Amino acid sequence: MKLNHNEISTLGALKEAGYQSKSIKDELRDNLRTKIKNGEETFTGVWGYENSVIPELERAILSRHNINLLGLRGQAKTRLARLMVNLLDENIPVVGGSEINDDPMQPMSRYAIELIKEKGDATPITWLHRSERFSEKLATPDVTVADLIGDVDPIKAANLKLSYADDRVIHFGMIPRANRCIFVINELPDLQARIQVSLFNILQEGDIQIRGFKLRLPLDIQFVFTANPEDYTNRGSIVTPLKDRIGSQILTHYPDDIETARKITEQESKLDARQTDAVYVPDVAKDLLEQISFEARESEYVDAKSGVSARTSITAFENLLSTAERRALLTGADSTMVRLSDFLGIIPSITGKIELVYEGEQEGADGVAAILIDDAVKTLFPTFFPEINKLEKKGEETPYDELLHWFFQGDGFELLDEYTDEEYKRALDDIPALNQLIKEYQPEYDKKDIYFLKELLLWGLVAYKKLNKNRFEEGYQFKDMYSSFFNDL
């Protein structure tokens, strides 16, 4: 029933309007049923979960369950919890002045009960918008029972001249204050076991106990917990009886394909309009950027149990555009395009977000990041050009012979970081064999993206150990694999 909350300000008016109380779990369930029936999207802006996580989450809501979202970092667990707010009614009535959002029809705090007893139908009513019905707490080892549930407040006792035996001296914690709301506890295993125990009765019976006060408060809360898999960290775990009281545990996951990962990155990246206007990003560059995260999740140097957050690609994309933007500013250009050599600028975005195993520590964070970029190039390379076999017969001709011969005869090829777009294109155009390979294998490829593809071809030959690539202070140098050997003779 939709009520005009602007016209209802007293308990009497609320009764006349025919308002009926509804628990938050029923509220979520009813609104979800309506959305599903109408074919509406329930969790907007979450990509890759359409056939996995979201159906499970919908089933949990329809079952009126408290929910635990279990997954590695950067898997939109908190985002899903926050989007549940959209399944709540737009406004709900609350007893005016109540600390715990008392339902006017079913008051439970001493304050609300006494106020209604005193004023009857004249009891003031306020309205709580769904945007205010979300509370969140990050579980840390220093969280106390007083923080979550409440404690005796000696100052209140002194001001009101009450004894500690009077329940009016209680200061309610975050959970009672989130009555009729969605309450999220992030990283639940980090909560000390004794604090987790304090949640048992709230989840099952609705009782809370504060310093010996046993209050029968049937709190109406939709709990959502988030956690990393227990073997990810030694910081803690979810105690078994608490697990038993959580209705549904839903496993989240990383995107299954590049296309989904790109949608997430483009949606979540925080970009200045001047960047997007001035910097053109080829599609293959976007695919390469996402492939780096996919490589990291499979890399022998990266701790798979820790995971590689979707934020890796998001911040890397921001850095990639900033790298190109900075070059444009230095060269005085109004616009530019992303180059593969610009990927050097994303390394700081990678190093802070991957946990390395022992072998990775030996390589160093920067070294691993560079390896991941090369691995991503190697993976994408066969999508555009003939595959290079690891073992080739001696003397066997390959499509790349002419290009490799060009490098063998010359002194190498340099791409400077601060080349203008014209200088960059001219440098790549000056390699005839490179132009011929593009013409032969990608004749209809978008002309704006051709130069990135040329660079990808060079980097790919390096990844397959057909060319040598060196980084120097001002850019990259590509040379024949054996040039340094002959120079040393």
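The model is predicted: local features need pLDDT of at least 70, side-chain atom pairs count only at pLDDT 80 or more, and totals for chains, interfaces and linings use all residues. Residues are numbered from 1 along each chain as its sequence is written, and side-chain values use heavy atoms, leaving out hydrogens and water.

**Stop 1: the sheet.** Helices (H or I, at least four residues) and strands (E, at least two) are DSSP runs, numbered from the N terminus. Select the open sheet of 5 strands, ordered β4-β7-β10-β1-β11 with parallel pairing. Strands pair if DSSP finds at least two bridges between them. The edges are β4 (134–138) and β11 (248–251), each pairing on one side only. Twist averages 20° from one strand to the next.

Now pick β7 (residues 182–186) and β10 (residues 222–227), joined in the parallel sense over 4 bridges. V184 has V224 in β10 as its bridge partner.

**Stop 2: α12 and α14.** Select residues 258–268 (α12) and 283–298 (α14); their axes are 9 Å apart, at an angle of about 100°. Axes are lines fitted to C-alpha atoms, for helices over the stretch in contact, and angles run from 0 to 180 degrees between N-to-C directions. The two helices are therefore roughly perpendicular (65 to 115 degrees).

**Stop 3: α20 and α22.** Move to α20 (residues 421–429) and α22 (residues 450–463), whose axes come within 10 Å and cross at roughly 50°. That makes α20 oblique to α22. Show Y424, K425, L428 and D429 in α20; they meet α22 residues Y451, F452, K454, E455 and L458. Contact means heavy atoms within 4.5 Å.

Technical notes
Parallel < 35°, antiparallel > 145°, perpendicular 65-115°, else oblique.
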